[in-house]
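Dear colleague,

Please find the structure below, handed over for your records. A short account of the findings follows it.

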Amino acid sequence: TNELLMGWEKMTSVGQLVSGIAHEIKNPLTVLKGFLRLIAHSSTVNDQYIGIMNGEFDRIEGIVQELLTFAKPESTLYENKDVRKIVEQTVVLMEPQALEKSIQLVAFNDSEPLTVHCVESQIKQVLINLIKNAIEAMDNKGTIVVRTFLRDRMAAIQVSDQGPGIPEPQLQRIGEAFYTTKENGTGLGLMVTNNIVRCNHNGYIEVRSQLGIGTSFTVFLPAAETDSTG
Ligand code: ADP
Ligand code: MG
């Protein structure tokens with residue numbers, strides 16, 4: 001089993017991030033410009049060109065979208081929330097995307113409330129990113145399991161997939177800004193996820209992966225002191 005604790009060293013400096021953004025946006029722009037020139041010189045509409053251009057626009061849009069949620073989160077309201085509810089709601093939200101690939105998405109929640117002082121929309125974003133990666137890692141069929149439990153006064157949310165797993169050298173790089181193995185990936189999902197969990201919620205993320213068996217990401221968030229007198 002390959003294991004990793006996503007640490008602070010994954011955090012990218014502003015300089016690295018800015019040069020990464022510039023690079024990642026410049027590439028599709030160069031492609032777009034090239035195809036625009038081709039179109040300008042031809043008299044017919046080429047569907048293949050349009051398709052490629054569309055893909056490049058999507059890429060830029062995806063990068064900008066993820067950076068926006070990173071830089072300017074919708075909400076920064078911290079409230080005591082039961083993470084089991086957040087898991088339930090997010091699983092319902094992601095179910096159609098899983099079913100589209102014939103993947104089952106199931107949640108097993110702890111029997112006790114798991115209260116965390118958190119920004120609900122940010123924890124949802126974390127779960128969406130992890131479930132999305134799990135769906136993308138699985139070809140077709142299989143099950144993604146989301147579990148919640150308490151461990152050492154931390155509320156844990158675990159997303160386990162039956163994908164191919166992550167080889168050791170790649171495991172060391174996940175969470176790095178713009179590191180992706182996907183043709184249409186942004187490589188920003190896990191960087192944003194790690195940032196939300198570590199910087200905004202004093203938590204951490206553990207990754208365990210077994211080649212040919214699957215991968216599980218576990219998010220640990222400090223459990224809130226709930227009122228024990230009532
Ligand atoms: P993206 O999804 O855009 O590639 P992420 O930051 O979400 O960016 O993920 C970075 C990389 O980590 C992915 O490209 C993939 O190689 C790897 N990865 C993440 N989650 C999984 C998973 N559940 N199974 C296998 N590989 C994964
Ligand atoms: Mg992703």
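How do the residues of the shell around ligand 1 divide into nonpolar, polar and charged? There are 7 nonpolar, 11 polar and 2 charged residues (Ala, Val, Leu, Ile, Met, Phe, Trp, Tyr, Cys and Pro count as nonpolar, Asp, Glu, Lys and Arg as charged, and the others, Gly among them, as polar).

Please note that this is a predicted model, in which local features need pLDDT of at least 70 and side-chain atom pairs count only at pLDDT 80 or more, while totals for chains, interfaces and linings use all residues. Residues are numbered from 1 along each chain as its sequence is written, and chains are lettered from A and ligands numbered from 1 in the order in which they are written.

Ligand 1 is surrounded by 20 residues, the closest being Ala137, Thr180, Gly185, Gly189 and Leu190 (a residue is near if its C-beta atom, placed from the backbone, lies within 6 Å). Helices are DSSP runs of H or I with at least four residues, and strands are runs of E with at least two, numbered from the N terminus.

Helix α6 also meets α2 (residues 47–71): their axes come within 10 Å and cross at roughly 5° (lines fitted to C-alpha atoms over the stretch in contact, with angles from 0 to 180 degrees between N-to-C directions). The two helices are therefore roughly parallel, a term for angles under 35 degrees.

Strand β5 (residues 143–151) pairs in the parallel sense with β3 (residues 104–108) over 5 bridges, pairing requiring at least two DSSP bridges.

Kind regards

Methods:
Parallel < 35°, antiparallel > 145°, perpendicular 65-115°, else oblique.
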